[in-house]
Amino acid sequence: MSKVYNLEAGEKLTLTLLYVPGRPWDERDIEVNLNGPGAELDLAGLYLCPDGESLDIRVVVRHNSGACLSRQMFKGIVGGKSRASFDGLIYVAQDSQKTKAYQESHSILLSSEARAESRPQLEIYADDVECSHGATTGYLNPDEQFYMRSRGIPEQEAKRLQMISFLAPVTDRLDGSTRAEVLDILSRM
Amino acid sequence: MNQELKDITGQEYKEGFVTEVEQEYVPKGLNEDIIRMISARKDEPQWLLDFRLDAFRKWQKMKAPTWGHLDLPPIDFQDIIYWAAPKRDADRPKEIDPALMETFDKLGIPLHEREVLAGVKPKESQVAVDAVFDSVSVTTTFRKSLSEKGIIFCSFSEAVREHPELVRKYLASVVPVTDNFYAALNSAVFSDGSFCYIPKGVVCPMELSSYFRINASGTGQFERTLIIADEGSRLSYMEGCTAPMRDENQLHAAVVEIIVEKDADVKYSTVQNWYPGDAQGRGGILNLVTKRGICKGSGSHLSWTQVETGSAVTWKYPSTILKGDNSSSEFYSVALTNNRQQADTGTKMIHIGRGTRSRIISKGISAGHSQNSYRGLVRVNPGAEGARNYSQCDSLLIGSKCGAHTFPVIMNSCPSATVEHEATTSKISEDQMFYCAQRGIAPEEAVSLIVNGYARDVLQRLPMEFAVEAQKLISVSLEGAIG
């Protein structure tokens, strides 16, 4: 079942989604419709799959009206035998001019049995638009680890710091106790 | 729009003429007898006929793919003539019909070796050409000087006769018969194409090229090309194509296979200029093509460059399987659609070997009522340690009735691999146009200037002869896009 949000003219929605162990992953299928000029979406998501989870996130953002803005930022860390996929579509309807739509999705793989998939998609039928998406998958940078370890920071702690900084753009949006919950999970990854 | 502009726009497609030449055909339709007939005309050995029949039987059980972002007109496979060839003159069985010679002359394809050898043209611009007219190869130039170096460059049919062991070894080794619906169809009915073998350690002294021309009406063209670059060899290969203007859709379903052995380097460039249909979307070539290469040995390299301006529908994904350790591949593409054209094109990079690298640069330009999609897959298998991919897919929209789409898929199963993808969509800004207008550059010219600048990253990868043509082609294809 997908959860649908409808934004009319001038409405703004800020949403932060968490997919971490210990919480229900109920909003995995999201659809946001920007129906009137001036509507704005600011969406961020964070996923942690430390063991053997299987996660499929699907986000559809529809610019049905012109002069709307949408931003999306997803960050995830996948370890163990987990599998995570992000499927994000930005749809700009014909005549939705002056649209601005941005999407970013980044993931990090921690183990050789983990898998990450990204499907960032753009479907655009108007010309006066500014749209972009970026997707990366990678690993924790060994040079950074070496830098920290040569200064006396243990390997495990160095990795944790790397993960904290990687997730910071999303964790900064969380309140204190939720952030603490996320950091706690990180220290066990 | 002033009169001059209208005149230029009216020129549309200058390769759209028909050559009046007597042709022979096999009957319309597709069944096992037709396949036997094609095979018999080409004097093929039993194993190849068996290959075709096997492919045909498998094809019959397959369904046409529908996942493309395309509105494909229904194709009646029984309403196509699968083999057409210009008749050989009984008096001059060895010579090329002057009408054909004239056709290729008109298209700017040099079939005269003499001119170059006599010094009329500079030697550096030597290009060996395999010219394919409908279902047969008309001639292959420079075969002699190439064979001195051990290079085999000939039509596919000749290769079957003269080098069956090579053809048998590599045919369908990269694109299996059942890879997809159109590849299976091609395997059953393929007519002619080029065959190329570069022996160990040989650097091919000139560009090799194939030129495909559809002439006969009611036919389809089923090109089959096989390129093998043995250890340490180097090759630059170019492909071009055109067809007459007609109100019917014609099918071009090709299969190209490239095998790159250890430390070999292949550069494959295409300028695709099939007839795109008219402004209302009548006619045009349906270009449904499977192209794939394998970097088999370590350190091998395959580079794809394509400029796609023609065809009513383009469905094409030149791909590379990076099997050898430290092998690398690139895909540079400019796809331009105008009027009612549709393109769904991109690439697949499959990383299997350690330390494999790939790079994708795709530039889409849509104008008029066209739809232009990039579709791609980057897959990193578990053992591909240290693999690296970078993809950039940009779209440029001209006009408010066209569409630009990006459908990339990234699958990473290797924790030491890095995959990056970015895409942007934009239009030509008022500022850019104003800047040009201020300097006395007319709007049409300004658009062509800006688009050529936008596509420069790709165009500069083309061999020189092609780059000039591609730039002109982009300007012509854009005519009438703004007004």
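Start with A:S85, whose bridge partner in β9(A) is A:E117. This is a predicted model, where local features need pLDDT of at least 70 and side-chain atom pairs count only at pLDDT 80 or more, while totals for chains, interfaces and linings use all residues. Residues are numbered from 1 along each chain as its sequence is written, and chains are lettered from A and ligands numbered from 1 in the order in which they are written.

Strand β7 of chain A spans residues 83-92 and runs parallel to β9(A), with 10 bridges joining the two. (Strands pair if DSSP finds at least two bridges between them; strands are E runs of at least two residues and helices H or I runs of at least four, both numbered from the N terminus.)

Now follow β9(A) across to the other chain. There, β9(A) pairs with β22 of chain B, residues 403-412, this time antiparallel and over 6 bridges. One spot to look for is A:L122, which has B:T406 in β22(B) as its bridge partner.

Zooming out to chain B, you'll find 13 helices and 23 strands. Its C-alpha atoms fill a box of roughly 65 × 60 × 55 Å along the principal axes.
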